[in-house]
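This report covers the sheet, its hairpins, a salt bridge and a charged surface patch. The sequence and structure come first.

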Amino acid sequence: MSDINITSRSTDKNYISEIEAGKHQFTVDEPIDKGGLDTAAKPSELLGAALASCTSITLQMYMNHKEFPYDKVEVDVNFDVSTTEPIKFQRHVTIEGKFDEKQQTRLEKVANSCPIHKILECGHVIETTIDFV
């Protein structure tokens, strides 16, 4: 059904989850003021990291394909999850390199074509089932 499967398992430490994403493992935690131990990124930070890293990777892939020389791509994402309104993600991209106006315009479009950007900007449905054992 899906090409992405993520599993989160609780641990014996309050709010620390062990995550399996394909062949990769990492932990997620909550800050101390939320009852966690602040040993890892919190879930909402991973959401921002997904957008930031996907944007950077998409731009790098495009520039490599077009053989645009560049030194570095940096993407900052800020957003407020305390609202019940749709979230406004503020994304700031810095690309170190020399680009003409046409290339700059194209790179702006490429940034907006990253898969996570596309996922976040459309409506979503979450279906939940719970097994009690």
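## Basis for the strand pairs

Two strands are taken to pair if DSSP finds at least two bridges between them. Helices and strands are themselves DSSP runs, with at least four residues (H or I) for a helix and at least two (E) for a strand, numbered from the N terminus. The model described here is predicted.

## The sheet

The sheet is open and holds three strands, in the order β1-β2-β3, with antiparallel pairing. Its edges are β1 (6-10) and β3 (24-28), each of which pairs on one side only. From one strand to the next, the twist averages 25°. In general, strands of a sheet pair through backbone hydrogen bonds, in a parallel or antiparallel arrangement.

## Pairing of β1 with β2

Strands β1 and β2 are paired in the antiparallel sense over five bridges. Within this pairing, Ile6 has Ala21 of β2 as its bridge partner. The two strands form a hairpin with six residues between them, where Tyr15 takes a positive phi near 70°.

## Pairing of β2 with β3

Strand β2 (residues 17-21) is joined to β3 by five bridges, and the two run antiparallel. Ile19 stands opposite Phe26 in β3, and Glu20 stands opposite Gln25 in β3. The hairpin of β2 and β3 has two residues between the strands, and Gly22 in the turn has a positive phi of about 65°.

## Salt bridges

Side chains of opposite charge can pair when their charged atoms come close. With a cut-off of 4 Å between a side-chain nitrogen of Lys or Arg and a carboxyl oxygen of Asp or Glu, the model has three salt bridges.

One of the three salt bridges is between the side chains of Arg9 and Glu20, at 2.7 Å from N to O. Because Arg9 is in strand β1 and Glu20 is in strand β2, this pair ties together parts eleven residues apart in sequence.

## Positive surface patch

Helix α2 (residues 101-111) supplies the largest share of the patch, three residues. Lys66 is placed in helix α1 (residues 43-66).

Methods. Residues numbered from 1 in each chain as written. Predicted model: local features only at pLDDT ≥ 70, side-chain atom pairs only at ≥ 80, totals over all residues. Heavy atoms only, no water. Axes fitted to C-alpha atoms, helices over the stretch in contact; angles between N-to-C directions.
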